[in-house]
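Hello,

Here is the structure I promised to pass on. Please have a look at it first, and my notes follow below.

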Amino acid sequence: MKPAIFYRIASVLLLLFAALHTFGFRQIDPKWGVDSLIGLMQSVHFDIMGTRRTYWDFFVGFGLFFSVFLVFTAVFAWQLAGLPDRTLTLMRGTAWSLVVCFAAVTILSFVYAFIVPIVLSILILLCFTAAAWLLPKPS
């Protein structure tokens, strides 16, 4: 097997993760009983470093930061899949950095998230690990 197939699969999974996260992280189910908490997060304003914000602003902003990170990583993985073996050999550090990064994302998902992000994180981590493992060795 070649690393390219694992980078392509990871790219598609990352785009799925980004879409689900972007459209889902602000959804609130009334059964959770957090309406008053969300209301407070949206209504209590404070000044921070010269800017007036709410905790909801931080929640949405950092959620969207994560979505942007996922889309960037999807594009990056897709581009890695298209590189020639000679170039990939020189990018082993970058490939293993993706593995370490998604190992951290997977751990954070286990600690703070639920089944969908956990499963997607594991699958992406496995793809990145397989791709890095299969990279051509320097000669």
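Angles under 35 degrees count as roughly parallel, over 145 as roughly antiparallel, 65 to 115 as roughly perpendicular and the rest as oblique. The model is predicted, so to speak of local features takes pLDDT of at least 70, side-chain atom pairs count only at pLDDT 80 or more, and totals for chains, interfaces and linings use all residues. Numbering starts from 1 along each chain as its sequence is written, and side-chain values use heavy atoms, without hydrogens and water.

Now to the helices (DSSP runs of H or I, at least four residues, numbered from the N terminus). The axes of α1 and α3 (residues 55-81) cross at roughly 160° and come within 8 Å; axes are lines fitted to C-alpha atoms over the stretch in contact, with angles from 0 to 180 degrees between N-to-C directions. α1 and α3 are therefore roughly antiparallel. Their contact (heavy atoms within 4.5 Å) includes Y7, F17 and H21 of α1 and L70 and W78 of α3. By class, that contact has 16 nonpolar, 6 polar and 1 charged residues; Ala, Val, Leu, Ile, Met, Phe, Trp, Tyr, Cys and Pro count as nonpolar, Asp, Glu, Lys and Arg as charged, and the others, Gly among them, as polar.

α1 also packs with α6, at an angle of about 160° and with axes 8 Å apart, and this pair is therefore roughly antiparallel too. Among the residues that meet are F6, L13 and F17 in α1, with L120 and F128 in α6. The α1 and α6 contact divides into 21 nonpolar, 1 polar and no charged residues.

Best wishes

Methods. Helix = DSSP H or I, 4+ residues; strand = E, 2+ residues; numbered from the N terminus.
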